[in-house]
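Here is a friendly walk through one protein model, heading by heading. Keep the structure open beside the text as you read.

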Amino acid sequence: YARGMGSSLEASAVLAVVPKASVSVPQVWKAPGWPCGSGDGVLVQLEVLRPVRMLKLWYVPINAEAREVAAPWSGLDPGSFAILPGLLQ
């Protein structure tokens, strides 16, 4: 669905913000080398097609009870921990 929307809108970029608790597959935080611990958080994935193709990924730890960011954002290797395949073509 998302890939089709990106194509039909001729999007230059896609930003996905996904609560870790909502991801059933792939559970990238269980992969070897996951640097961000086991707490609650949000995965933020940015894919840019133009002017230069780019894929970025961040993990934002949150304190759900306080409804606030618990620590600074952590940049991650999208080749190892991306939650979505490339959406732009």
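## One salt bridge

There is one salt bridge in the count, where the term means a side-chain nitrogen of Lys or Arg within 4 Å of a carboxyl oxygen of Asp or Glu. Its partners are the side chains of Arg-53 and Glu-47, with 3.2 Å from N to O. Glu-47 has a relative accessible area of 5%, so it is buried; buried means under 20% relative accessible area, exposed over 50%, and partly exposed in between, with a 1.4 Å probe and protein chains only.

Two points on reading the values: this is a predicted model, in which local features need pLDDT of at least 70 and side-chain atom pairs count only at pLDDT 80 or more, while totals for chains, interfaces and linings use all residues. Residues are numbered from 1 along each chain as its sequence is written, and side-chain values use heavy atoms, with hydrogens and water left out.

## Two nonpolar cores

A nonpolar core here is a set of buried Ala, Val, Leu, Ile, Met, Phe, Trp, Tyr and Cys residues joined through side-chain atoms within 4.5 Å. The largest one has 13 residues, and Val-28, Trp-29, Trp-34, Leu-43, Tyr-59, Leu-76 and Phe-81 have the most contacts inside it. Strands β1 (13-19) and β3 (54-63) each supply at least two residues of this core; strands (E, at least two residues) and helices (H or I, at least four) are DSSP runs numbered from the N terminus. A second, separate core of five residues includes Val-14, Leu-49, Leu-87 and Leu-88. In soluble globular proteins, nonpolar side chains tend to be buried together.

Which residues does Phe-81 contact, leaving aside neighbours within four places in sequence? They are Val-28, Ala-31, Pro-32, Gly-33, Trp-34, Pro-35, Leu-57 and Leu-76, where contact means heavy atoms within 4.5 Å. Val-23 lies in the loop between β1 and β2 and counts as buried because its relative accessibility is 11%.

## A buried glutamine

Gln-45 sits in strand β2 (residues 41-48), and at 4% relative accessibility it counts as buried. Its side chain makes polar contacts (pairs of N or O atoms within 3.5 Å; within protein, one must be able to donate a hydrogen and the other to accept it, and residues adjacent in sequence count only if both atoms are side-chain atoms). One reaches the backbone nitrogen of Ile-83 at 3.0 Å.

## Around the surface and loops

Ile-62 is in strand β3 and counts as partly exposed because its relative accessibility is 31%. Ala-71, in the loop between β4 (68-69) and β5 (74-76), is partly exposed, with a relative accessible area of 31%. The C-alpha atoms of Ala-71 and Pro-61 are 5.9 Å apart, although the two are 10 residues apart along the chain.

Most peptide bonds are trans. Where are the cis ones described here? A cis peptide bond joins Val-25 and Pro-26, with omega about -5°, and Pro-26 lies in the loop between β1 and β2. The bond from Arg-50 to Pro-51 is also cis, with omega near 10°; Pro-51 is in the loop between β2 and β3.
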